[in-house]
Structures are given as C-alpha cells and as structure tokens.
Amino acid sequence: GGQESVGSLIVFKDGRPDKDGYRKFLIRTVEGANDVASLEEVISRRYRKSGQDKAPLPDLIMVDGGKPQLGAAQKALAGLGISAVPLVAIAKKEEILFTPEARDGIRLDRTSAALKLIQAIRDETHRFAITFHRGRREKRSFASRLDGIPGLGPKKKAVLLSRYPSLEAMRAAARQELEKLVGAAPAAAVLDRLEEELRKGI
C-alpha cells in the first residue's frame, strides 16, 4: 500500500540460508507503492560498496519478479559498474526465470531440484520481508497510540518506544520503571491511557 515500504535481501550458501548476510531496507527514495523503483533502490544500496571497494560479490543475484524487475536490477548494477555477476528474475505464478540473455524466459521442470531451491529462496525472502514489514506497522500503530498524552513529548515517547516492543509490554512494566524513564507525571498519564484502552478492549 506504499506505507512502511521495505525491502529484504537474503543470502544462500551451498543451498542453505546464511543469515549473517541478511539485510533489511527501509525504502527512502520511492513514494507510494512502486515495486520496480524500490527494487532498484535496494540493489543500488546493497552493492554500492562492492562496486567501490571491490568487496566480494555473490556468484548469482536473484530478484523477485519478471522483466520489469530484471530491468531495474540491471540498471542499478550498471550504474555501479557491476556487470560480471549473473542475474535472474523469478516471475510469480508461472515460475518462469528471466535473464538478460533469456528474456523470453526459462521454464524448469516442476519436479526439478533446481526449481525447488529457487522456490525455497524466494519463500525465505518473502518471509523475511513480511516479518520486517509487520514489525514496522505494529511499531507505527504503537507509536500513534501514545500521541496526545500530557507531558509525553517526542523525546520521552521515543524512550518508551525504544524500551518496550508493544503496549502489552508497557502494561506489564512496573510504575517505578516508567517513572524512571519519563518522570512521574508523564508515567501516570501513560498508565491512565493504558487503563482506558484496556477498559475499551483495545
């Protein structure tokens, strides 16, 4: 929906996830829901250092999507002077693979181990992105529910958001803990808001 837009990048080594290489991206330069432009931004940001300081590049870059996404990835890599890494796009539903050399697409046998691996990589990328996006949305909702509390300015609100992952966690905190973080009067106002929302079933 164009809100809290995020990108995700995962790494597989020897057919298995390498979670040390996973990266999350908040989309910075794209307004609204624009998957192609967002992908171009993520590719550019991820591989900029590789182009500058010759950091190791992957053996293969795979992007989620069809020809438009393939074109966006090509453009981003070309802008960084990276041309030696093979690139493939995975189109949804029909499971067609597109490459710069095979723009009409490659269909792998539905039972092939190669296709199963590609699907596993794509599904893991989706899982990682969706988890990150859901967390961002929940954090935004949490933040908005602290708006308008007397004595709770932006700085004190930020302290609470960094300390507690949810309203439930804040409700479970001791009054003295809240008072140490934001002061007695704002803590009392926060607790009043939490009690009011609890009565309303929020």
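Residues are numbered from 1 along each chain as its sequence is written, and side-chain values use heavy atoms, with hydrogens and water left out. Because the model is predicted, local features need pLDDT of at least 70 and side-chain atom pairs count only at pLDDT 80 or more, while totals for chains, interfaces and linings use all residues.

Q: How many helices and strands does the chain have?
A: Helices (H or I, at least four residues) and strands (E, at least two) are DSSP runs, numbered from the N terminus. On that basis, the chain has seven helices and eight strands.

Q: Which strands are the edge strands of the open sheet?
A: Four strands form this open sheet, in the order S5-S6-S7-S8 and with mixed pairing. Two strands pair if DSSP finds at least two bridges between them. Each edge strand pairs on one side only, and these are strand S5 (61-64) and strand S8 (106-107).

Q: Which residue in S7 is the bridge partner of alanine 89?
A: S6 and S7 pair in the antiparallel sense, over two bridges. Across this pairing, the S7 partner of alanine 89 is phenylalanine 98.

Q: Which residues does glycine 65 touch, not counting residues up to four places away in sequence?
A: Glycine 65 sits in the loop between S5 and H2 and is buried, at a relative accessible area of 9%. Its C-alpha atom is separated by 5.2 Å from that of isoleucine 90, 25 residues apart along the chain. With contact taken as heavy atoms within 4.5 Å, glycine 65 touches Ala89, Ile90 and Ala91.

Q: Which helix gives the largest share of the lining of the second largest pocket?
A: On a 1 Å grid over the protein atoms alone, a pocket is an open set of points where a 1.4 Å probe fits, with protein on both sides within 12 Å along at least five of seven lines; lining residues have an atom within 4 Å of a point. Among the residues lining this pocket are Gln74, Leu77, Leu87 and Pro100. The largest share, three residues, comes from helix H2 (residues 67-79).

Q: Is aspartate 14 buried or exposed?
A: Most residues other than glycine have a negative phi. Aspartate 14, though not a glycine, has a positive phi of about 55°, and its place is in the loop between strand S2 (12-13) and strand S3 (16-17). With a relative accessible area of 83%, aspartate 14 is exposed.

Q: What is the relative accessible area of glutamate 95?
A: Glutamate 95 also has a positive phi, near 55°. Its loop runs between strand S6 (87-90) and strand S7 (96-98). Glutamate 95 is buried, with a relative accessible area of 10%.

Terms used: Buried means under 20% relative accessible area, exposed over 50%, partly exposed in between (1.4 Å probe, protein chains only).
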